[in-house]
Amino acid sequence: MTSFPELGSPSIPWTNAATVWRGLLALAVVFVMLATTGWTAVRGHQAAADPRAAALKAWLHGSIGGVPLPSPREDASTVARFFASLPGAQRDRLANRYPLVVGNLGGAPAELRYRANRAALAQARTAEERRTHDSALTPAGRYEATRRMHRFESLLGEGRQILAFDPTGPGRVAEVFGDLDRAQRVSVVVPGVDTNVLTFEKTQRAYSAPVGMARSLYAAERKASPATGTAVIAWADYTSPVGVGMDAATGKLAAEGALRLRKTVRELPGASKVSLFCHSYGSVVCGVAARDLSPRVTDVAVAGSPGMRADHAADLHTSARIWAMRDADDWIQGVPHMEVGGLGHGADPVSPSFGARLLSAADARGHAGYFAPGTTSLANFAGIGVGAPASVRCARDGSDCTEDLGPADGAAAA
């Protein structure tokens, strides 16, 4: 990313310096206005204790059949070998005894993680139910506990495959649609601001929440290529900014989320190819993660992006193809696309100079409409997700976004 010299130094003319100052002022004004006119949400639930920290401490001192348990920091292959050495009864015992560890442990079998997270969700639901009757809480606190209790009940629904779950603070969660173990192609949906356990799924405007996005993409991929084994992950397993305030204007949370995203991709089972679909601030996370992504990631597609913390797609230093789209009435286009002193996220990914492959989002509506069923934007995502990028529709004002695709890509689209 470009580093800006001192304003007024010989390397930058005063006319350009004035332009930078105007851009910086505009950036600051936009974020202040957004933060003070309703975009910034109320801070989320803060739990009295950290149940995952307690579970990790117990795990580190535990054993099974006289064998010490592996450190959660071990690589996924070591953890996989450990679980492969255990009989089924011992695996289940660990999942029931340490659900918040096993449910989030890379290398543990996916089905075992699903079972562990069901146990963790049941425990979290019981804890929140107790809080709904806690007279020490304010009415607002008891209402928040009620909402969380209902969300955990929903996540416990029949057939749900929860790949990661942590109820601490606002909470983190990831859910799988499809068969992760057998998938040839895996798509990971990375959402933006105000993502937590309460906003993980919505009844109204369902396709603006991670679950709705992922479910819609999975259905579109199945339709686009029924013969391709696909799985889609609704990935809200990072701490996102609360509202469009200073956290959303800087890269701190994106850097932390990028570490978790890279780890998630590295630990996926099998040898499936992976595509990332990154919305809003999620595209900042993906931009930071791109610098050190697993080579199994073939494509990174961003929608409604405030920037990827780069001036050009080439600055991401990834072998993955970079795709970008934005619909005509997405308010994100009004946010200055620049980075000065850590504020802002760099160039606009849909600008021709950035160098991304520009996709059509002609019939998407607003900032959160890219995953709505029937839209060109969703069909484009699905084509990329199933490994048929030559089938996508390019933006009218962009060059041919499918040029230079390899023979394998063209064959997939046939």
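User: Which residues of H8 are buried?
Analyst: In H8, the buried ones are Pro210, Val211, Gly212, Met213, Ala214, Ser216, Leu217, Tyr218, Ala220 and Glu221. Buried means under 20% relative accessible area, with a 1.4 Å probe and protein chains only. This is a predicted model, where local features need pLDDT of at least 70 and side-chain atom pairs count only at pLDDT 80 or more, while totals for chains, interfaces and linings use all residues. Residues are numbered from 1 along each chain as its sequence is written, and side-chain values use heavy atoms, leaving out hydrogens and water.
User: What covers those buried H8 residues?
Analyst: The cover includes strands S4 (172-178), S5 (185-190), S6 (230-236) and S7 (273-279), plus helix H12 (376-385). Helices (H or I, at least four residues) and strands (E, at least two) are DSSP runs, numbered from the N terminus.
User: How many residues of S7 are buried?
Analyst: Six of the seven, so S7 is mostly covered, by that under 20% cut-off.
User: And how does S7 run with S5, parallel or antiparallel?
Analyst: Parallel, with six bridges joining S5 to S7. Val189 has Phe277 of S7 as its bridge partner. S7 also runs parallel to S8 (residues 297-303), again through six bridges, and there Cys278 stands opposite Val302. Strands pair if DSSP finds at least two bridges between them.
User: Switching topic: which residues make the H4 and H6 contact?
Analyst: H4 (residues 88-97) packs on H6 (residues 110-132) with the axes 8 Å apart, at about 35°. Arg91, Asp92 and Ala95 of H4 meet Leu112, Arg115 and Ala116 of H6, where contact means heavy atoms within 4.5 Å. Axes are lines fitted to C-alpha atoms, for helices over the stretch in contact, and angles run from 0 to 180 degrees between N-to-C directions.

Terms used
Buried < 20%, exposed > 50% of the residue type's maximum accessible area, 1.4 Å probe, protein only.
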